[in-house]
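Please read this note with the sequence and the model open side by side. The points are meant to be followed slowly, one after another.

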Amino acid sequence: MDEKQKNKSSEPKKSSTIGQVKNAAKKLGAGKAVKKVLLNVVIFLLPIILLGLLFYSVISLVADFFSGIAENIADFFSLDSTGGIIITDESIDKIIEAMKNDLNISPEDLNLLGDIDYNDPNQEEAIKEAERKYIRLFLEAQETTQSINDGGFFGTGLGSEGSVYIKKVRNGATDTNDLSDMSPISMEDLQRKIDNGASDVWNYFSINGSGQLVVPVMNNGTINTTTIDYKSMISQYSTPWNFFIDLEMVVQNPKFMEAFVDLVKDSKINLTIVYNTTYTKETIVHEYKVTETIKDENGNDIEIETTKTDTTVNEYENRNPMLVITTADTWVYSREAVYKATTTTTTEGPIVEGNADDKTTTTIETTTTTYSQEGATKEEYNGGQKGEDGTFVGLLDKSFKIPNSQRTAKAGDSLVSGAEMLFELLESSSNTAPWSDIMRYILYVYTGKDYGVTEFNFSLFATNTFQSIGMTNLSTYLRQFSHSGEAPQSADGKYYLMYGDGSGWPTIGNADIQWKSHHGKFAVEGEVLQNGTAVTVPNVEEYVNGILGSGAEAQYSDSEIEQKQIYVEKELVDSIGDKMRKTFYTSVENVTRGLNLSQQQMYALTAIAYNFGSLPERNGYTFKEVYEAGAAQYEINSWQHTKFIWDNWWSYLGGMTAQGGRSALVEARDGAYETYVKGIYDLSQSRGGAIFGRTCYVFYTQSQISRYSYARSLPYTRTSSNEEELFTYEEKSGGNYEEATGEYGVIGYYTNSMGRRFTILNQSAISGWGDKCNRAACAIIASGYSDQDSTQLINIRNNAGSAYFGAIPSDSYWNQYGLTVTPCQDPGYNYQQSLENQLMSGGYAMVWLNNGGTYYGKSGIKWTSLYHWVAIIDIKEENGVKQMCVADWRGISWVGIDEFSTHGVTHMVFVNEK
C-alpha cells in the first residue's frame, strides 16, 4: 500500500477519533476551567501529541464557529448606507455572547483579551472593552483592506481610513502612469450633476447601499450611472478576519497580532477607472432633383429642374467604464500594471443608395479608444525576510508582552511548533484555505524548512481566486424540491404572489420561502403591487403582516392567502432566497467537515437541510455518524457504503416536517439520493422522474415505505438482485457551473467538458443591453478564449458592430480570440443533425429563436416572448441521450438537442477554433 492509499484508508478512522475527542472535550468542558487550563498550558506543551489532539478538538470548534460568522457576517453586524460594516460594541457583544453560550469559551480563554486596569473603578466595563478589543481589531483589518479611502466622506465606522483609492487617468494622459484622484459624492448629488449636464461629472464616484461603486456611463450621448462590485475584484488582497483568529489561536500573542494588524492596515490599492469610448459621426447627404416654376422675362411660367442637397449629421458617443487594478501593496504581496489607450478611426462609406435623380450618400466615421494592459504585470512577494524590520517575517522574532501578565514571547516560536495545526485550521474554511499555502511559504522563508511550498504562488492573487467555493448552480438544483413549475407571480413577471403551501403557511417565490420562518428578512424597503400599481413601502415585513391580518406566524387556508393578493418584487424575494440557499449549504459544510464529500453529495444533503432547516438526526444518529460507521466497515463510496447510509439514515427521513407527513417529501428524499449516488442533478432525467411527477421509488424497499402512511403507492425499482447497480457511486463532473461573485453583468462561470471557462452574462444586468441577447451570446463564447474581465468583454463586443443577420459581428471580432464564424441561414426543422455534428466536433453555436411571440422549447422552458439569441457551449451524453448546454440570462440549461424543434430555428451561427 503506497503512502497516498494508506492516508486515504485511515481517513475515516482519524475522523472518528477526532469526533470522539471533541465529544470528550465537550463533556470535560462543561467544566470551563478544564478548557481554560488546556488553552493556557498549550503554549508550553503543544508538541505533546495527546494534549495537542485534545487542544485541537477545542480550537477547531472555535475555528468552525468564527468561520460560520465570517460567512454570515450580515447577521452579526449592521450595514451603513454605503454597504460598509458598522462595528458597534453591541454587535461585537453578540459574537462574544454566542461564543460563550455555544462553546462555553470566552475571549480570555483564547488569549484574546486586552490589558485590563484592575484599579479602574469601572472594572466591569473595562473587562468588556478588553474582551471586544481583538475581535474588533481583526474585523477592522479585513474591512479596511476592502474599503474605499474617501477621507471620511461616507463614514466607514472603522478605526482607520480604507486602503482602496479610486483613481482616474489625468485629462490628456494616454496611460495609467499619470493618474489623479476621483472625488466622492453622494448618490443624490451625482444624479443632480448628471441631470444638470455638469461637464465635471466624470471626476466623481459614489457608493450605493450595497457597497458597490457607482460611476457615470454614457450610452448614445445620454449620461447615466452604472454600478461595479469593486470588492469582488480585490477580495484576494483582503485578509479575512477569521484568518487572524486562526493565527492568534496558534501563536497566543495578542500584541504581536496588534502589530501585524497595523501592517495589514497599511495596505494601499489603487483602483483606476478608465473609459473605453466610441464616437460615431454619421453624415447623410441627400441629393435630389426638384422641378420649380419660375417666370421668364415676359412673365410666363416656366419649369426648371434644380438639384437640392440636405445634409444631416448624427453623432453618437459611448463611454463605458472599466475598473482596473493599477497598483496593490499589501503585507504579503504587491503588483503594478500599466494600461494604455489605443485610438483607432475607421471610415465606412461613402455608401450610395438611389439614382442620379434621388440619392443618399452615407459616410460613417468611428473613433474608438480602448484600454489594454501594456506589458506584463510586475509582482513581488512582500512578506519580508528573517530580521527585516517592518515586515511580517521580521515581526516573528520580536518579543511582545502578553496582556495581563509579566511574560513576553516571540510569535515565531509558537508559529513553528503549531504550524501543522495552523494549516489544518486554515484549510477547514473556504475563505481561509488559500492562505494555507501563503503561510507555508512564509514559514519556509522564516525557518528554511520545506512545509510543502518553497516558491511564492503569485497565481493565488489572480482575480476571484479567494472567492467562496461550492455554490455551483445550487438555486437551479434546489428549485426542483420547492414546487412544480414557476412560483405564482404577476402577469409581467416582476412580482411574486404569496401562496399557501398546502399546510397553512404563507409562502412566496421560487425559493419556496415560508413567511412564518423568514419574515424578519423582509424588514427592508421594497416594492409591492397594490391593485396593479407599483408602490414602494418602507418595510415589506410590516406591509405583508398588515395585509395578512393575524400575524406573520399564524396559519391561513390556501384560499385565504390567495384572496389577499400579496405581491412582492421578484428581485427582493430572489435575493433573500439566494442568501438562504447559501446558509443551508454552509450549514451542511460545517456538519460534514472532514468527510471530503463531492459536489453532488453536498447538493443532495443541502436539499435535505433546505426542507428541515438543518440536517436532522434520524434513527438515533446524525448523517456524519452513519457515514463514519459505514466507512469503518466498507470502502468509502463503495456500493455497500452508500447502501448503508440509505438504510440507516436517509430512508428514515421520510416526509416528516414540523407540519406532519407529506407524500411529495418522501419522493424528494428518493430523488435527492439519486443525486448523491448517481450525480443526477436534473431529476426529470432520473429513472424515478421529477420530484412532483415521480413514477417509481428507486431506493426505498416496501418495508421502508410502509413506515409512512401518507406515502403514495408507486412501483419499487429496488430488488435484492440489483442493489449493487443501484447503490454504485458515479461521480459526475461534466462541466462545472459557479454562481456569480459580483462581477459586473455576470451571473456565473461555466467550465465545459473540454476545460474551457466561460463567463455567463445576463444582458438585462448590463447597462444598455436589456434587449441585446445577441451581444451577450457572442461575449459568452468569446470569454472561453480570453482572460478579460466582464467589463472588457462587454466593451469590446459593444464596439464590434454587426455583420451577420444584423446581430453577429464580423470575422475581425472573432479573430482576436482565435475563432472563426460560419453563418447558417434559415436552418428550419432540419437543424438538429448539423447542430449535433458541430457540438460533437468541439465547436459552439448561437441560435436565434424567432416565433414572433412566446417561444416554449420541447422541455417546456419559456425561452422568449418574441425573439432571442442563445449560446450553446457544451454537449454531453447521459443514458444514451445527447444534451446541449445552453447559456443565456438564466445561467446554463441542459436540454436535448431537439429542444428548439417545437418551432424550428430561424438563424444559427457556428463558432470554431481556428
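1. What we are looking at is a predicted model, in which local features need pLDDT of at least 70 and side-chain atom pairs count only at pLDDT 80 or more, while totals for chains, interfaces and linings use all residues. Residues are numbered from 1 along each chain as its sequence is written, and side-chain values use heavy atoms, with hydrogens and water left out.

2. Confidence deserves attention before any detail. The chain averages a pLDDT (the predictor's confidence in each residue, from 0 to 100) of 81, and 84% of the residues score at least 70. Within the chain, helix 1 (residues 3-29) has the lowest confidence, with a mean of 31, whereas helix 21 (residues 639-648) has the highest, at 97. Over residues 1-54 the pLDDT is below 50, although the model gives this stretch 63 contacts beyond near neighbours in sequence; a contact means heavy atoms within 4.5 Å. Residues 463-472 also stay under 50, with 39 contacts beyond four places in sequence. Where pLDDT is low, the predicted coordinates should not be read in detail.

3. The chain holds 28 helices and 34 strands, taken as DSSP runs numbered from the N terminus, with helices being H or I of at least four residues and strands E of at least two. Of its 914 residues, 52% are buried, where buried means under 20% relative accessible area, exposed over 50%, and partly exposed in between, with a 1.4 Å probe and protein chains only. Among contacts with a separation of 6 or more, 62% join residues 24 or more positions apart.

4. Strand 12 (residues 358-381) pairs with strand 9 (residues 268-295) in the antiparallel sense over twelve bridges, and two strands are said to pair if DSSP finds at least two bridges between them. In this pairing, I284 stands opposite T362 in strand 12. Strand 12 also pairs with strand 11 (residues 333-355), again in the antiparallel sense, over 20 bridges, and here E348 stands opposite I364. Strands 11 and 12 form a hairpin, with two residues between them.

5. Another sheet is open and has three strands in the order 16-17-18, with antiparallel pairing. Strand 16 (499-500) and strand 18 (513-514) stand at the edges with a single partner strand each, so one side of each has no neighbour in the sheet. Strand 17 (residues 506-508) and strand 18 are joined over two bridges, and T507 has Q514 in strand 18 as its bridge partner.

6. Helix 18 (residues 570-591) has 22 residues and reaches 32 Å from its first C-alpha to its last, close to the 32 Å expected at 1.5 Å a residue; the expected span is 1.5 Å times one less than the number of residues. Its buried residues include L572, V573, I576, M580, F584 and V588. An α-helix has 3.6 residues a turn, so residues three or four places apart point the same way.

7. Is R694 buried or exposed? R694 lies in the loop between helix 22 (663-678) and helix 23 (702-705), and it counts as buried because its relative accessibility is 2%. Leaving aside neighbours within four places in sequence, the contacts of R694 include E667, D670, E674 and R712.

8. T719, in the loop between helix 23 and helix 24 (723-727), is partly exposed, with a relative accessible area of 37%. T719 and T701 are 18 residues apart in sequence and 7.9 Å apart in space, C-alpha to C-alpha.
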